[in-house]
Amino acid sequence: MQTPGAAAARYSYLFPIGFSYYAIATSLTPEFYQKLVDRCWRRSGSLLYRPNQKHSCCPHYTLRLDSTQFKPTKDQRQAVNRFNRYVLGETYPRDAARLHPRSRAEVRRRHNVFDLVERIHEPEAEVVKTPPSPDHVFTVALEPDTFTEEKYEIFENYQRIVHREPPDKISRHGFMRFLCNSPLRRGSAVGPDGTERQLGSFHHCYRIDGKLVAVGVLDLLPDCVSAVYFFYHESIHWLNPGKLGALREIALAREAGYRWWYPGYYVHNCAKMRYKIDYKPQYVLDPEDLRWYPLDKDALARFDKHHYVCFSREDEDVEMAESSGGKTLTDSASALKPDEPEEEEEEDSTFLLTSSMPGIPSLEDMRRVDMDGLVLRADFSDNLIVASHLVIWDTEDVAQFGSLKSRIAELVAAVGPDLLGEICIDFRKRSSAAAG
(Lines give C-alpha, C1' and ligand atoms only; values in the text may rest on other atoms or scores of the structure.)
Protein backbone atom coordinates (compact mmCIF):
# COMPACT_ATOMS: atom_id res chain seq x y z
CA MET A 1 0.00 0.00 0.00
CA GLN A 2 1.62 3.27 1.20
CA THR A 3 5.00 3.78 2.77
CA PRO A 4 5.01 5.28 6.26
CA GLY A 5 5.41 9.02 6.39
CA ALA A 6 2.92 11.79 5.83
CA ALA A 7 0.24 9.28 4.84
CA ALA A 8 0.81 7.22 8.00
CA ALA A 9 0.59 10.24 10.29
CA ARG A 10 -3.19 10.41 9.93
CA TYR A 11 -3.66 7.11 11.77
CA SER A 12 -3.70 6.21 15.45
CA TYR A 13 -1.87 2.93 16.03
CA LEU A 14 -3.59 0.28 18.16
CA PHE A 15 -3.07 -3.38 18.98
CA PRO A 16 -6.10 -5.44 20.12
CA ILE A 17 -5.93 -7.34 23.43
CA GLY A 18 -9.48 -8.29 24.31
CA PHE A 19 -12.36 -8.04 26.76
CA SER A 20 -13.28 -5.79 28.78
CA TYR A 21 -11.99 -4.07 26.20
CA TYR A 22 -8.25 -3.46 26.17
CA ALA A 23 -5.89 -2.25 23.47
CA ILE A 24 -2.29 -1.06 23.36
CA ALA A 25 -1.67 2.32 21.77
CA THR A 26 1.71 2.96 20.18
CA SER A 27 0.75 6.34 18.70
CA LEU A 28 -2.42 8.39 19.08
CA THR A 29 -3.55 11.67 17.62
CA PRO A 30 -5.17 13.93 20.26
CA GLU A 31 -8.22 14.26 18.00
CA PHE A 32 -8.69 10.49 17.89
CA TYR A 33 -8.20 10.05 21.62
CA GLN A 34 -10.79 12.79 22.25
CA LYS A 35 -13.27 10.62 20.34
CA LEU A 36 -12.29 7.60 22.44
CA VAL A 37 -12.78 9.32 25.81
CA ASP A 38 -16.20 10.39 24.56
CA ARG A 39 -16.94 6.67 24.07
CA CYS A 40 -16.05 5.54 27.62
CA TRP A 41 -12.35 4.89 26.94
CA ARG A 42 -9.43 5.96 29.14
CA ARG A 43 -5.74 5.23 29.15
CA SER A 44 -3.23 4.04 31.73
CA GLY A 45 0.13 4.71 30.13
CA SER A 46 -0.11 3.12 26.68
CA LEU A 47 -2.89 0.75 27.76
CA LEU A 48 -6.32 1.83 26.52
CA TYR A 49 -9.43 0.34 28.04
CA ARG A 50 -13.16 0.56 27.77
CA PRO A 51 -14.92 -0.99 30.79
CA ASN A 52 -17.97 -3.22 30.69
CA GLN A 53 -20.23 -1.50 33.19
CA LYS A 54 -22.60 -4.48 33.29
CA HIS A 55 -19.83 -7.00 33.94
CA SER A 56 -17.95 -5.14 36.68
CA CYS A 57 -18.47 -5.11 40.41
CA CYS A 58 -17.54 -1.42 40.34
CA PRO A 59 -18.98 0.16 37.16
CA HIS A 60 -16.82 3.00 35.78
CA TYR A 61 -18.59 6.02 34.25
CA THR A 62 -17.06 8.91 32.33
CA LEU A 63 -17.68 12.42 33.68
CA ARG A 64 -17.05 15.89 32.36
CA LEU A 65 -17.52 19.37 33.75
CA ASP A 66 -18.37 22.55 31.84
CA SER A 67 -15.67 24.96 33.00
CA THR A 68 -17.55 27.97 31.61
CA GLN A 69 -20.46 27.26 33.96
CA PHE A 70 -18.45 26.20 37.00
CA LYS A 71 -18.93 28.17 40.21
CA PRO A 72 -16.64 27.17 43.09
CA THR A 73 -18.27 26.37 46.41
CA LYS A 74 -17.43 28.21 49.63
CA ASP A 75 -15.09 25.40 50.65
CA GLN A 76 -13.31 25.52 47.29
CA ARG A 77 -12.93 29.30 47.44
CA GLN A 78 -11.51 29.01 50.92
CA ALA A 79 -8.94 26.47 49.74
CA VAL A 80 -7.72 28.88 47.05
CA ASN A 81 -7.59 31.82 49.44
CA ARG A 82 -5.77 29.78 52.09
CA PHE A 83 -3.09 28.72 49.62
CA ASN A 84 -2.70 32.27 48.31
CA ARG A 85 -2.22 33.58 51.85
CA TYR A 86 0.44 30.95 52.49
CA VAL A 87 2.42 31.90 49.37
CA LEU A 88 2.03 35.66 49.66
CA GLY A 89 2.28 35.91 53.44
CA GLU A 90 0.27 37.91 55.94
CA THR A 91 1.85 41.30 55.29
CA TYR A 92 2.15 41.25 51.50
CA PRO A 93 -1.51 42.08 50.66
CA ARG A 94 -1.49 45.14 52.91
CA ASP A 95 1.86 46.43 51.68
CA ALA A 96 1.03 45.70 48.04
CA ALA A 97 -2.30 47.53 48.37
CA ARG A 98 -0.39 50.61 49.52
CA LEU A 99 2.26 50.45 46.76
CA HIS A 100 -0.02 49.20 43.96
CA PRO A 101 -3.51 50.47 44.86
CA ARG A 102 -6.59 49.13 43.06
CA SER A 103 -9.43 51.38 41.94
CA ARG A 104 -12.58 51.47 44.06
CA ALA A 105 -14.47 49.68 41.29
CA GLU A 106 -11.87 46.93 41.24
CA VAL A 107 -11.97 46.53 45.02
CA ARG A 108 -15.77 46.36 44.93
CA ARG A 109 -15.73 43.80 42.11
CA ARG A 110 -13.28 41.54 43.95
CA HIS A 111 -15.40 41.75 47.07
CA ASN A 112 -18.55 40.69 45.20
CA VAL A 113 -17.17 38.30 42.57
CA PHE A 114 -14.79 35.37 42.97
CA ASP A 115 -13.06 35.11 39.59
CA LEU A 116 -11.54 31.61 39.57
CA VAL A 117 -8.96 32.28 36.85
CA GLU A 118 -7.84 35.53 38.49
CA ARG A 119 -7.58 34.06 42.00
CA ILE A 120 -5.81 30.91 40.81
CA HIS A 121 -3.06 32.98 39.17
CA GLU A 122 -2.82 35.53 41.98
CA PRO A 123 0.13 33.94 43.88
CA GLU A 124 2.21 33.08 40.80
CA ALA A 125 5.62 34.70 40.62
CA GLU A 126 5.04 36.19 37.17
CA VAL A 127 1.83 37.86 38.35
CA VAL A 128 2.87 39.07 41.80
CA LYS A 129 3.77 42.75 41.84
CA THR A 130 6.97 43.66 43.64
CA PRO A 131 8.02 45.29 45.82
CA PRO A 132 7.06 44.11 48.41
CA SER A 133 8.25 40.50 48.23
CA PRO A 134 5.93 37.58 49.03
CA ASP A 135 6.90 34.93 51.58
CA HIS A 136 7.36 32.31 48.85
CA VAL A 137 7.99 32.09 45.11
CA PHE A 138 5.31 29.96 43.46
CA THR A 139 5.42 28.81 39.82
CA VAL A 140 3.36 26.43 37.68
CA ALA A 141 4.45 25.18 34.28
CA LEU A 142 3.31 22.68 31.67
CA GLU A 143 6.29 20.44 30.94
CA PRO A 144 6.77 17.37 28.70
CA ASP A 145 5.63 14.14 30.36
CA THR A 146 9.17 12.78 30.54
CA PHE A 147 10.77 11.01 33.48
CA THR A 148 12.99 12.91 35.91
CA GLU A 149 14.29 11.92 39.32
CA GLU A 150 12.72 15.09 40.72
CA LYS A 151 9.25 13.96 39.63
CA TYR A 152 9.80 10.39 40.76
CA GLU A 153 10.78 11.50 44.26
CA ILE A 154 7.44 13.30 44.61
CA PHE A 155 5.58 10.28 43.19
CA GLU A 156 7.36 7.85 45.55
CA ASN A 157 6.62 10.05 48.56
CA TYR A 158 2.95 10.39 47.57
CA GLN A 159 2.37 6.68 46.93
CA ARG A 160 4.18 5.62 50.12
CA ILE A 161 2.88 8.19 52.59
CA VAL A 162 -0.41 9.51 51.22
CA HIS A 163 -1.59 6.33 49.44
CA ARG A 164 0.16 4.04 51.93
CA GLU A 165 1.54 1.73 49.28
CA PRO A 166 4.32 -0.61 50.43
CA PRO A 167 7.74 0.46 49.12
CA ASP A 168 8.18 -2.77 47.13
CA LYS A 169 5.12 -1.82 45.04
CA ILE A 170 6.62 1.54 44.00
CA SER A 171 9.23 1.68 41.25
CA ARG A 172 10.69 3.95 38.63
CA HIS A 173 9.55 1.50 35.96
CA GLY A 174 5.97 1.65 37.22
CA PHE A 175 6.05 5.44 37.33
CA MET A 176 7.38 5.66 33.77
CA ARG A 177 4.89 3.07 32.47
CA PHE A 178 1.91 4.68 34.15
CA LEU A 179 2.57 8.43 33.95
CA CYS A 180 5.40 9.18 31.49
CA ASN A 181 5.97 9.01 27.74
CA SER A 182 2.33 8.91 26.68
CA PRO A 183 1.44 7.60 23.20
CA LEU A 184 -0.37 10.91 22.54
CA ARG A 185 1.39 13.07 19.98
CA ARG A 186 2.09 16.62 21.01
CA GLY A 187 0.98 19.50 18.85
CA SER A 188 -1.31 22.51 18.89
CA ALA A 189 -4.67 23.55 17.53
CA VAL A 190 -6.48 26.84 17.05
CA GLY A 191 -9.87 26.97 18.72
CA PRO A 192 -13.04 28.65 17.43
CA ASP A 193 -12.08 31.79 19.34
CA GLY A 194 -8.70 31.95 17.59
CA THR A 195 -6.76 30.88 20.70
CA GLU A 196 -3.95 28.40 20.12
CA ARG A 197 -4.16 25.42 22.45
CA GLN A 198 -1.50 22.84 23.25
CA LEU A 199 -2.33 19.20 22.57
CA GLY A 200 -0.78 16.06 23.96
CA SER A 201 0.28 14.76 27.38
CA PHE A 202 1.98 17.03 29.89
CA HIS A 203 3.13 17.26 33.47
CA HIS A 204 1.66 20.30 35.23
CA CYS A 205 4.53 21.05 37.64
CA TYR A 206 4.01 23.08 40.84
CA ARG A 207 7.09 24.56 42.51
CA ILE A 208 7.46 26.53 45.72
CA ASP A 209 10.77 28.36 46.16
CA GLY A 210 12.16 26.41 43.24
CA LYS A 211 11.34 23.00 44.71
CA LEU A 212 8.87 20.66 42.98
CA VAL A 213 5.95 19.93 45.32
CA ALA A 214 3.16 18.58 43.08
CA VAL A 215 2.52 17.26 39.57
CA GLY A 216 -0.73 17.02 37.64
CA VAL A 217 -0.59 14.57 34.74
CA LEU A 218 -2.81 15.96 31.96
CA ASP A 219 -3.97 14.97 28.51
CA LEU A 220 -4.76 18.17 26.62
CA LEU A 221 -7.23 17.30 23.89
CA PRO A 222 -9.07 19.44 21.32
CA ASP A 223 -12.11 19.92 23.55
CA CYS A 224 -10.97 19.13 27.05
CA VAL A 225 -8.40 19.01 29.81
CA SER A 226 -8.38 15.35 30.81
CA ALA A 227 -6.98 14.64 34.27
CA VAL A 228 -4.90 11.47 34.37
CA TYR A 229 -3.36 11.63 37.87
CA PHE A 230 -2.31 14.11 40.52
CA PHE A 231 0.40 13.56 43.12
CA TYR A 232 2.16 15.78 45.66
CA HIS A 233 4.68 15.78 48.47
CA GLU A 234 3.13 15.01 51.84
CA SER A 235 4.65 18.18 53.33
CA ILE A 236 1.98 20.30 51.60
CA HIS A 237 -0.91 17.96 52.42
CA TRP A 238 -2.31 20.56 54.85
CA LEU A 239 -2.77 22.97 51.92
CA ASN A 240 -5.29 20.64 50.27
CA PRO A 241 -3.29 20.32 47.02
CA GLY A 242 -5.66 17.80 45.43
CA LYS A 243 -8.50 20.32 45.52
CA LEU A 244 -6.23 23.10 44.32
CA GLY A 245 -5.04 20.92 41.44
CA ALA A 246 -8.60 20.24 40.31
CA LEU A 247 -9.50 23.94 40.48
CA ARG A 248 -6.38 24.91 38.57
CA GLU A 249 -7.19 22.36 35.84
CA ILE A 250 -10.74 23.70 35.58
CA ALA A 251 -9.31 27.21 35.29
CA LEU A 252 -6.97 26.01 32.53
CA ALA A 253 -9.91 24.50 30.64
CA ARG A 254 -11.79 27.80 30.88
CA GLU A 255 -8.90 30.17 30.23
CA ALA A 256 -7.31 28.28 27.31
CA GLY A 257 -10.60 27.51 25.58
CA TYR A 258 -10.75 23.72 26.04
CA ARG A 259 -14.06 24.23 27.89
CA TRP A 260 -14.46 20.74 29.36
CA TRP A 261 -12.63 19.20 32.32
CA TYR A 262 -12.66 15.40 32.51
CA PRO A 263 -11.86 14.23 36.07
CA GLY A 264 -11.55 10.57 35.05
CA TYR A 265 -13.83 7.65 35.77
CA TYR A 266 -16.46 7.90 38.47
CA VAL A 267 -17.15 4.79 40.57
CA HIS A 268 -20.21 5.43 42.69
CA ASN A 269 -19.52 2.76 45.30
CA CYS A 270 -15.88 3.81 45.76
CA ALA A 271 -15.56 6.37 48.56
CA LYS A 272 -12.19 7.58 47.25
CA MET A 273 -13.83 8.81 44.04
CA ARG A 274 -16.85 10.56 45.52
CA TYR A 275 -14.87 13.84 45.69
CA LYS A 276 -15.29 14.16 41.92
CA ILE A 277 -18.96 15.03 42.22
CA ASP A 278 -18.13 18.07 44.38
CA TYR A 279 -17.41 20.00 41.17
CA LYS A 280 -20.49 21.15 39.26
CA PRO A 281 -22.14 21.20 36.78
CA GLN A 282 -21.05 17.78 35.60
CA TYR A 283 -22.40 15.38 33.03
CA VAL A 284 -22.19 11.60 32.86
CA LEU A 285 -21.71 9.62 29.65
CA ASP A 286 -24.40 7.02 29.04
CA PRO A 287 -22.65 3.73 28.17
CA GLU A 288 -25.31 2.71 25.66
CA ASP A 289 -26.26 5.73 23.57
CA LEU A 290 -22.97 7.61 24.31
CA ARG A 291 -24.80 10.84 25.08
CA TRP A 292 -24.17 13.15 28.04
CA TYR A 293 -26.73 13.45 30.84
CA PRO A 294 -26.70 15.85 33.82
CA LEU A 295 -25.15 14.36 36.94
CA ASP A 296 -27.84 15.82 39.18
CA LYS A 297 -29.69 14.57 42.26
CA ASP A 298 -31.90 12.28 40.18
CA ALA A 299 -28.88 10.73 38.48
CA LEU A 300 -27.14 10.13 41.82
CA ALA A 301 -30.33 8.57 43.17
CA ARG A 302 -30.27 6.11 40.28
CA PHE A 303 -26.68 5.25 41.10
CA ASP A 304 -27.77 4.60 44.70
CA LYS A 305 -30.56 2.31 43.54
CA HIS A 306 -28.93 0.29 40.76
CA HIS A 307 -25.69 -1.56 40.22
CA TYR A 308 -25.76 -0.64 36.52
CA VAL A 309 -27.24 2.66 35.32
CA CYS A 310 -28.28 3.55 31.78
CA PHE A 311 -29.72 7.03 31.48
CA SER A 312 -31.18 6.49 28.02
CA ARG A 313 -33.54 3.81 29.37
CA GLU A 314 -36.05 3.63 32.19
CA ASP A 315 -35.08 1.97 35.46
CA GLU A 316 -37.37 -0.98 34.78
CA ASP A 317 -35.65 -1.73 31.46
CA VAL A 318 -32.24 -1.62 33.13
CA GLU A 319 -33.39 -3.98 35.89
CA MET A 320 -34.54 -6.51 33.30
CA ALA A 321 -31.20 -6.25 31.49
CA GLU A 322 -29.30 -6.74 34.73
CA SER A 323 -31.30 -9.81 35.70
CA SER A 324 -30.67 -11.48 32.33
CA GLY A 325 -26.89 -11.08 32.18
CA GLY A 326 -23.81 -9.56 33.75
CA LYS A 327 -21.81 -11.35 36.39
CA THR A 328 -20.65 -9.69 39.56
CA LEU A 329 -16.99 -9.68 40.51
CA THR A 330 -15.58 -9.52 44.02
CA ASP A 331 -12.59 -7.24 43.43
CA SER A 332 -12.72 -3.86 45.11
CA ALA A 333 -12.00 -0.71 43.13
CA SER A 334 -10.95 1.17 46.24
CA ALA A 335 -7.39 -0.10 45.91
CA LEU A 336 -6.96 1.09 42.34
CA LYS A 337 -5.06 4.15 41.28
CA PRO A 338 -7.36 6.66 39.56
CA ASP A 339 -8.33 5.38 36.12
CA GLU A 340 -6.38 2.15 36.50
CA PRO A 341 -8.44 -0.71 35.02
CA GLU A 342 -9.71 -3.37 37.37
CA GLU A 343 -9.01 -6.97 36.47
CA GLU A 344 -11.77 -8.91 34.76
CA GLU A 345 -12.34 -12.63 35.06
CA GLU A 346 -12.40 -14.85 31.98
CA GLU A 347 -10.79 -12.08 29.97
CA ASP A 348 -9.74 -14.36 27.11
CA SER A 349 -12.87 -16.51 26.98
CA THR A 350 -15.53 -13.88 26.31
CA PHE A 351 -16.30 -12.88 22.75
CA LEU A 352 -16.96 -9.15 22.74
CA LEU A 353 -19.42 -9.33 19.84
CA THR A 354 -21.71 -11.71 21.74
CA SER A 355 -21.18 -10.17 25.17
CA SER A 356 -23.44 -7.91 27.19
CA MET A 357 -21.03 -4.98 27.04
CA PRO A 358 -22.99 -1.71 26.59
CA GLY A 359 -22.63 0.33 23.42
CA ILE A 360 -20.99 -2.43 21.36
CA PRO A 361 -22.31 -3.38 17.89
CA SER A 362 -23.65 -6.92 17.68
CA LEU A 363 -22.05 -9.74 15.74
CA GLU A 364 -24.59 -9.28 12.96
CA ASP A 365 -23.87 -5.56 12.85
CA MET A 366 -20.14 -6.22 12.51
CA ARG A 367 -20.71 -8.72 9.71
CA ARG A 368 -22.11 -5.81 7.70
CA VAL A 369 -19.10 -3.57 8.36
CA ASP A 370 -16.67 -3.42 5.45
CA MET A 371 -13.23 -3.84 7.01
CA ASP A 372 -11.42 -4.70 3.76
CA GLY A 373 -9.74 -1.29 3.60
CA LEU A 374 -8.50 -1.37 7.19
CA VAL A 375 -4.82 -0.47 7.47
CA LEU A 376 -2.32 -2.71 9.29
CA ARG A 377 1.34 -2.48 10.22
CA ALA A 378 3.73 -5.41 10.76
CA ASP A 379 7.43 -6.02 11.33
CA PHE A 380 7.88 -7.93 8.07
CA SER A 381 7.09 -4.91 5.89
CA ASP A 382 8.03 -1.24 5.83
CA ASN A 383 4.76 -0.49 4.07
CA LEU A 384 1.26 -0.08 5.44
CA ILE A 385 -0.84 -3.12 4.59
CA VAL A 386 -4.50 -3.28 3.58
CA ALA A 387 -6.45 -6.02 5.37
CA SER A 388 -7.96 -7.39 2.17
CA HIS A 389 -4.45 -8.14 0.88
CA LEU A 390 -3.85 -10.67 3.65
CA VAL A 391 -3.93 -14.26 2.37
CA ILE A 392 -6.25 -15.46 5.12
CA TRP A 393 -8.58 -12.46 5.10
CA ASP A 394 -11.28 -13.91 2.84
CA THR A 395 -11.11 -17.35 4.46
CA GLU A 396 -12.06 -16.13 7.93
CA ASP A 397 -15.31 -14.87 9.39
CA VAL A 398 -15.78 -12.35 12.17
CA ALA A 399 -17.78 -15.00 14.08
CA GLN A 400 -14.73 -17.27 14.37
CA PHE A 401 -13.75 -16.27 17.89
CA GLY A 402 -9.99 -16.18 18.28
CA SER A 403 -9.26 -15.74 14.60
CA LEU A 404 -7.37 -12.72 13.32
CA LYS A 405 -10.47 -11.30 11.68
CA SER A 406 -12.59 -11.69 14.80
CA ARG A 407 -9.96 -10.03 16.96
CA ILE A 408 -9.78 -7.09 14.58
CA ALA A 409 -13.58 -6.93 14.47
CA GLU A 410 -13.67 -6.73 18.27
CA LEU A 411 -11.31 -3.76 18.26
CA VAL A 412 -13.28 -2.00 15.52
CA ALA A 413 -16.52 -2.61 17.46
CA ALA A 414 -15.04 -1.28 20.70
CA VAL A 415 -13.61 1.83 19.01
CA GLY A 416 -16.63 2.35 16.76
CA PRO A 417 -17.00 1.27 13.12
CA ASP A 418 -17.31 4.93 12.10
CA LEU A 419 -13.67 5.47 13.17
CA LEU A 420 -12.36 2.56 11.13
CA GLY A 421 -10.60 4.90 8.68
CA GLU A 422 -8.61 6.58 11.47
CA ILE A 423 -6.91 3.53 12.98
CA CYS A 424 -3.99 1.36 12.02
CA ILE A 425 -3.82 -2.11 13.59
CA ASP A 426 -0.25 -2.29 14.83
CA PHE A 427 1.13 -5.85 14.89
CA ARG A 428 4.74 -4.77 15.28
CA LYS A 429 6.70 -5.90 18.29
CA ARG A 430 6.47 -3.33 21.06
CA SER A 431 10.11 -2.26 20.69
CA SER A 432 9.67 -1.74 16.95
CA ALA A 433 6.39 0.13 17.42
CA ALA A 434 7.91 2.44 20.02
CA ALA A 435 10.81 3.25 17.72
CA GLY A 436 8.57 3.92 14.72
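The lining of the second largest pocket splits into eight nonpolar, four polar and seven charged residues. Here nonpolar takes in Ala, Val, Leu, Ile, Met, Phe, Trp, Tyr, Cys and Pro, charged means Asp, Glu, Lys and Arg, and polar covers the others, Gly among them. Keep in mind that this is a predicted model, where local features need pLDDT of at least 70, side-chain atom pairs count only at pLDDT 80 or more, and totals for chains, interfaces and linings use all residues. Residues are numbered from 1 along each chain as its sequence is written, and side-chain values use heavy atoms, with hydrogens and water left out.

**The pocket**

- The second largest pocket has a volume of about 650 Å³. A pocket is an open set of points on a 1 Å grid over the protein atoms alone, where a 1.4 Å probe fits and protein lies on both sides within 12 Å along at least five of seven lines; the volume is the space filled by probe spheres set on the points, which are joined across faces, edges and corners.
- Of its 19 lining residues, Leu 88, Tyr 92, Arg 102, Arg 110 and Glu 122 sit closest to the centre; to count as lining, a residue needs an atom within 4 Å of a point.
- Two or more lining residues come from each of α2 (74-88), α3 (92-99), α4 (104-112) and α5 (116-121). Helices (H or I, at least four residues) and strands (E, at least two) are DSSP runs, numbered from the N terminus.

**The cores**

- The largest nonpolar core has 50 residues, and Leu 179, Tyr 229 and Phe 231 have the most contacts inside it. Such a core is a set of buried Ala, Val, Leu, Ile, Met, Phe, Trp, Tyr and Cys residues joined through side-chain atoms within 4.5 Å, with buried meaning under 20% relative accessible area, exposed over 50% and partly exposed in between (1.4 Å probe, protein chains only).
- Elements giving this core two or more residues include α2, α5, β8 (196-208), β9 (211-221) and β10 (224-232).
- A second, separate core of 42 residues includes Ala 23, Tyr 33, Leu 352 and Leu 411.

- Thr 130 to Pro 131 is a cis peptide bond, omega near -10 degrees, and another cis bond joins Pro 131 and Pro 132 with omega about 5 degrees.
- Pro 131 is in the loop between α5 and β6 (138-144).
- Arg 164 has a positive phi near 60 degrees without being a glycine; its place is the loop between α6 and α7, and Arg 164 counts as exposed because its relative accessibility is 72%.
- Asp 209, also not a glycine, has a positive phi of about 55 degrees. It lies in the loop between β8 and β9 and, at 46% relative accessibility, counts as partly exposed.
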